[in-house]
Amino acid sequence: MNDKAQATCTTCPYCGVGCGVAVTAGDPVQGDTTHPANYGRLCVKGSSLHETLGDSGRLLHPRVRGRRTDWSQAVQSVAGAIREAVAQHGPGSVGFYLSGQLLTEDYYAANKLAKGFIGTPHVDTNSRLCMSSAVAAHKRAFGADVVPGCYEDLEIADLLVLVGSNAAWNHPILFQRMQAAARDGRRVVVVDPRQTATSDLADLHLSLRPGSDAALFNGLLTWLADRDALDQDYITAHCDGFDDALAAARHSAPDVEAVADACDLPVDDVVRFFNWFADTPRTVTVFSQGVNQSSSGTDKGNAIINCHLATGRVGKPGASPFSITGQPNAMGGREVGGLANTLAAHMDYQNDADRDRVQRFWRSPGLADGPGYKAVDLFDAVHRGEIKVLWIMATNPAVSLPDNARVREALASCPTVIVSDCVAETDTTAYADILLPAMGWGEKDGTVTNSERRISRQRAFLPPTGEARPDWWIISEVARELGYGDAFSYTAPVDVFREHAALSAFENQGHRPFDLTGFKDMNSENYDGLAPIQWPVNQRYPQGRSRIFDDGRFATPNGRAQFIAITPDQPVQQPDRDYPMVVNSGRIRDQWHTMTRTGRAARLWQHRAEPFIDVHPQDLERLGLKAGQLGRLDGARGTFVGRLQAVPEQRPGEVFIPIHWNRQYAGHALASDLMAAVVDPVSGQPESKHGVARLSAAPVRWRARLLCRPGHTGVWRAEHWSRVPLDGCESWWLAGEDKADWPDWASRWLGGQPQVEMHDAGAGRYRAARFHQGQLLAVLMAEPAESPFPDLGWLATCFERDDLAAADRRAILAGRDADLPDIGPVICSCFQIGQKQIEAAIGDGSDSPEALGRQLKCGTNCGSCMPELRKLIETTQIAMEAE
Ligand code: SF4
């Protein structure tokens, strides 16, 4: 147990690792030392959770068409819109777009209302964008959406293969567990076009051509067959379809040279990987968004699973394919049936008995009779006017879905958009006709399931903010208003959970692995005290089960796993003369999704504060660009503007951009504007890792930084802008092409005439500030396009003072206190240690992350910066040797 007896044990709301968090009122959050996902550790996002609380920016009251109202009126408005749409256009005119941020109880209630009572099948989720290809691959191979292994497998495997996964940034605590398990003889292979922080762990990094993963694993299957490295007994006893899968693999990848050619890899590296895989019984292959977010992600997943089936390495200790989910409750959404092509509790539309079962269990008046629209198709249906009412819960499709301009058009044209959210102003709430305030993390109460099937409680430790309510309650109220009160008579989340468990158990004779029979009679006390546990939980496994399919019995009708014959496909979006660069997109270390929560913690901005474009130095040179310039990527559907970064670890011809920035934080930095609405034909998952665009310099004549108090009304958005909310002030990056008129612009940006000013018109330099009594109100600094700004960390602290003297005012125009050192960009967010401090310590002889930790403390808390520390040691030492 955590040492603080009064701590509330809950679960982190960010990534799919699902770390336990211990919260004591008024203290910083801590890792829950008893939680099996993290044993007390938290990454920088998790350990900043307490900094994201508070009612600033929260949606506090229901609103209907712009006017504040009460819950009764809001519920009537939602129910009225649904009733009218169903009466006039049928149940299929109502759509739901849910989220992996919802708790399982919320998800269950929404799925039941939509499919079972309104009768619409159009219920999809943002998890479609994250791991629906893995779901489809699991179902094709195993007969059910099951991750067979557990986190311990990643530690005890002798060969760990990470495919399309930057776990160091996206699943940091799981990465740290992998790192801590390093030992003699354990090998790690990272398969990723980019060399990332995760490559820090790699004995071999395969920087393959984007999209060529299926060719690599088809080649591996051929290699295993040709080297007599198959587990023929396992294949014969437990699998179907091997001959066809091998024939397809052999056809596309007949030998290692063909594989190396298809993947653009050195033959020796491919051979080394294949030999390691063939020779290592304890092999785990981790795959994530780099595999899933593809126009052929399901095939890639099955190409990986084929190799594990062929060697009998499924569900065994240290031997399994392992899909890691991005979101905190993507797995819970899969359990309840939150994807449009599933029904409920791992039962399917395609199975008549399943449909009948769910209909009887729910006593449904009119169960939806077939799969609904997946995310991209759902918004297409909204766009063409087929969906009249769209209810969006806890997600931000106006940022995340591809071909985003079209999504925004769809939202703007939809007769009724209902948004349940805890945040007032997002790109999506801007389109809401009805806004419903939902409880946020710390207020809501329920369960989530992490990537290893472990169900954990998210517990409330705060009262609701404003009139916020739990999502399950909102859904139940609407159901009551629609006349379905008997089926939604829940009074607490345990009521919903118990029913969810009972549905999983209903007529389940062991053929559905998702089985919570052990919880179907759960009472409040047991629910409150529920310890993290991996499903299934039933008579045979009352304490849960860490591994599934270890006995070779699968969830297909005949109990045998299915090999899938794979013909590798190229990404659909291919570079051409107009759009010659390949655009990869993904997450950064310290932010989460659209930053609605992480954006509130000032220290999470210090690692990356601006939108950026990672480019290989050769490409910069070829295009006449410089690192530090503002660059722009123009695609067929939109433009992304970000700071150019020279990254030798990029493949030439390919760039990387972050997915987090949106219109709340930047002018033109929506990654989804560059992505076409191309999807995997099986899973419907968008190809978010492979857009195309043209790279050039953003035409900029001047650049400025504005620091001002939050809510400062003078901010006039320049052609290019991005902003960072800090403690006590906001920091804006501004740039433009127009001829600057600084005295005029300054009064707009500063909210009035400056009291101190410095203007060097010849050099294109301008600085000005406004004060009120002893307080700094706003400061503006303009520089010519090529000149650097001073580090403004000290300046930001001036907003917290109310006694600024004349000397301070002069220092403010200089941008920094001359007595304070410039520490460079912050690398360790926990202890605010900058790059220049770390480089100096390395120069003084600290030649390991541990030595740096002893000297500066960096890396000694959450550990998220460890890969960057290692990289800095390497680059600094190389630079020192060259001197
Ligand atoms: S790894 Fe970090 S973001 Fe993910 S669940 Fe754990 S603490 Fe949260």
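Predicted model: local features only at pLDDT ≥ 70, side-chain atom pairs only at ≥ 80, totals over all residues.
View 1. The ligand itself takes up the space of the second largest cavity.

**View 2. The open sheet of three strands.** The strands follow the order β1-β2-β3, and their pairing is antiparallel. Because β1 (8–11) and β3 (30–31) stand at the edges, each with a single partner strand, one side of each is left without a neighbour in the sheet. Between β1 and β2 (residues 20–23), which run antiparallel, there are four bridges. Within this part of the structure, Thr11 stands opposite Gly20 in β2.

**View 3. The open sheet of seven strands.** Here the order is β5-β4-β16-β15-β14-β6-β7, with mixed pairing. The edge strands, β5 (67–68) and β7 (123–125), each pair on one side only. Strand β6 (residues 94–98) runs parallel to strand β14 (residues 389–393), and four bridges join the two. Gly95 stands opposite Leu390 in β14.

**View 4. Helices α2 and α17 against the strands.** Helix α17 (residues 375–383) packs on the sheet and touches β6, β7 and β14. The direction of α17 makes about 140° with that of β6. Helix α2 (residues 71–89) lies across β4 (63–64), β6, β14, β15 (416–421) and β16 (434–437). Relative to β16, helix α2 runs at about 130°.

Note on methods:
Residues numbered from 1 in each chain as written. Heavy atoms only, no water. 1 Å grid on protein atoms, 1.4 Å probe; cavity = no way out; pocket = protein on both sides within 12 Å on 5 of 7 lines; lining within 4 Å. Sits in = over half its atoms within 2 Å of the grid points. Pairing = 2+ DSSP bridges. Contact = heavy atoms within 4.5 Å. Axes fitted to C-alpha atoms, helices over the stretch in contact; angles between N-to-C directions.
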